[in-house]
Amino acid sequence: MRYIFLACICFLSCEPYVERNTEDVLGYEPVYADLLAVTQTGVEASRPTTVPGKIYAYGDYLFQVEQNEGIHIIDNSNPQQAHKISFLKVPLCTEISIKSGFLYTNNVNDLVVFNLNNIQSPQLVHRLADAFPVIDQTYPPAQNTYFTCPDPSKGVVVGWEKKIIHQPKCRR
């Protein structure tokens, strides 16, 4: 009987639990996105880099991932005067590869392929749905912390923001 009780405690300690907290505490708040919105891709005007990621060289161009936002397209034909020419919006992308004139990247858990015939304005030519496992964003990245319980009616959780939260009901 004692072992069953210990097993239950160990099992429950791994899962979040609901608790009444009457204070404002430092914890995590879910960041939501509409699932349809995060699968919309397109070409936009160039913009400043804020959260840089990997860089891929292809011909006279550089492609730099803007973490979770998209890909900067940079003309590098004159390396002393490299300049951004456009931005390929691909929400939640983190990786990039190019082969034989096609750019491959992730979009949520899909693999998307863009044709680079017009390098300033790549065209989406293929989407392979569910090519990658879904990253579980149900819980914040930290253990032993308070957080606002996710509300699926607000969209899909795409990240967590650390901030002061009012009377959180969940703790992990």
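Colleague: What makes Arg47 count as partly exposed?

Modeller: This is a predicted model, and in it Arg47 has a relative accessibility of 28%. Buried means under 20% and exposed means over 50%, so at 28% Arg47 counts as partly exposed.

Colleague: How do you know that Arg47 and Glu69 meet in a salt bridge?

Modeller: The rule asks for a side-chain nitrogen of Lys or Arg within 4 Å of a carboxyl oxygen of Asp or Glu. For Arg47 and Glu69 the N to O distance is 3.4 Å, so the pair meets the 4 Å rule. Arg47 sits in the loop between β3 (42–44) and β4 (52–58), and Glu69 in the loop between β5 and β6, so the pair ties together parts that are 22 residues apart in sequence. Glu69 is partly exposed, with a relative accessible area of 38%.

Colleague: Why is Glu44 with Arg47 called a salt bridge?

Modeller: The closest N and O atoms of Glu44 and Arg47 are 3.7 Å apart, which is within 4 Å, so the pair counts as a salt bridge. Glu44 comes out as partly exposed because its relative accessibility is 31%. Together, Glu44, Arg47 and Glu69 are linked in a network of salt bridges.

Colleague: And what makes Glu95 and Lys54 a salt bridge?

Modeller: Their N to O distance is 2.5 Å, so with a cut-off of 4 Å the pair qualifies. Glu95 is in the loop between β7 (83–89) and β8, while Lys54 is in strand β4, so this pair ties together parts that are 41 residues apart in sequence. Both ends count as partly exposed: Glu95 at 37% relative accessibility and Lys54 at 42%. By this rule the count comes to 5 salt bridges.

Colleague: How do you know that Cys149 and Cys170 form a disulfide?

Modeller: Their sulfur atoms are 1.7 Å apart. The cut-off is 2.5 Å, so Cys149 and Cys170 pass and form a disulfide. The structure holds 1 disulfide. Cys149 lies in the loop between β12 (146–147) and β13 (156–166), and Cys170 in strand β14 (residues 170–171), so the bond ties together parts that are 21 residues apart in sequence.

Colleague: Why is that disulfide, Cys149 and Cys170, called right-handed?

Modeller: The torsion about the S-S bond is about 100°, so the disulfide is right-handed.

Colleague: Let's turn to the inside. Which residues of the largest nonpolar core touch the most other members?

Modeller: That core has 14 residues, and Phe63, Ile71, Leu88, Val90, Ile96, Leu103 and Phe114 touch the most other members. At least two residues of this core come from each of β5 (61–66), β6 (70–75), β8 (96–99) and β10 (110–115). Apart from it lies another core, of 5 residues, including Tyr28, Phe147, Val157 and Cys170.

Colleague: What does Phe63 touch?

Modeller: Leaving aside residues up to four places away in sequence, its contacts include Lys54, Tyr56, Ile71, Ile96, Leu103 and Ile119.

Colleague: Now Asn107: what makes Asn107 count as buried?

Modeller: Its relative accessibility is 0%, under the 20% limit, so Asn107 counts as buried. Asn107 lies in strand β9 (residues 102–107).

Colleague: What does the side chain of Asn107 reach?

Modeller: The backbone oxygen of Val38, at 2.8 Å.

Conventions: Residues numbered from 1 in each chain as written. Predicted model: local features only at pLDDT ≥ 70, side-chain atom pairs only at ≥ 80, totals over all residues. Heavy atoms only, no water. Helix = DSSP H or I, 4+ residues; strand = E, 2+ residues; numbered from the N terminus. Buried < 20%, exposed > 50% of the residue type's maximum accessible area, 1.4 Å probe, protein only. Polar contact = N/O pair within 3.5 Å; in protein donor to acceptor, adjacent residues only side chain to side chain. Core = buried A, V, L, I, M, F, W, Y, C linked by side-chain atoms within 4.5 Å. Contact = heavy atoms within 4.5 Å.
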